[in-house]
Amino acid sequence: MSKRKIIRINGRGGRCSVSLEENKAIIQSFFEAINKHNLALLDKLMAPDYVDHALQLRGLEANKQALTLLYKGFTDWHETIEGMIAEGDKVWVRFKGTGTHTGEYQEYLLSIGKITLAPTGKKVTMTGVVIYRIVHGKIVEKESGVYDLLDFLKQLGLIKYTEKAKKHSPKNVK
């Protein structure tokens, strides 16, 4: 593993160095906090002005509110890191999230707006790849996120395949 250090000038005119392994450790701690539903720990890991471009959230508190809604709908939500790459001030993470839909869940879909889904009891899995940016030991930004939201919504029963789609993808369609 690379032990390279990132050297940059901090706001006080001094130098700050953070290794790629330290950046990866910050992201690992972030995922552990999510899995423990420990929102207080996010204060130590994330900048107050954190921006999530994927979910269009601004600020640490907005991120905490989004996680609270997720935990309300999926009380056993857990995310597993399946791969991680660090380069410069960025960390790429491939993850898998799982949970059981036991509570009311709210999602914002660009095409139709906010939806609220009553508990279904269904176990769901979501995969994704996200890119975080870290500055001075804090997560300041989620630059990008690619999620399999279509499959996630299908698992919840919000989307059904047409008969035509079932004929074209029989092994993936139930």
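I began with the largest pocket, which holds about 1000 Å³ of space. I took a pocket as an open set of points on a 1 Å grid over the protein atoms alone, where a 1.4 Å probe fits, with protein on both sides within 12 Å along at least five of seven lines; lining residues have an atom within 4 Å of a point. The volume is the space filled by probe spheres set on the points, which are joined across faces, edges and corners. Of its 33 lining residues, L55, L57, A66, Y105 and E107 are the closest to the centre.

I noted that the model is predicted: local features need pLDDT of at least 70, side-chain atom pairs count only at pLDDT 80 or more, and totals for chains, interfaces and linings use all residues. Numbering runs from 1 along each chain as its sequence is written, and side-chain values use heavy atoms, without hydrogens and water.

I then looked up what supplies the lining. Helix 3 (60-73) gives the largest share, 7 residues; helices (H or I, at least four residues) and strands (E, at least two) are DSSP runs numbered from the N terminus.

I turned to helix 1, residues 20-35, among whose buried residues are L20, F30 and I34; buried means under 20% relative accessible area (1.4 Å probe, protein chains only). Just after helix 1, H37 has a positive phi of about 55 degrees.

Finally, I checked strand 10 (residues 138-147), which pairs with strand 3 in the parallel sense over 3 bridges and with strand 9 in the antiparallel sense over 8 bridges. Pairing requires at least two DSSP bridges between the strands. I found K142 opposite D52 and also as the bridge partner of Y132.

How values were computed:
Buried means under 20% relative accessible area, exposed over 50%, partly exposed in between (1.4 Å probe, protein chains only).
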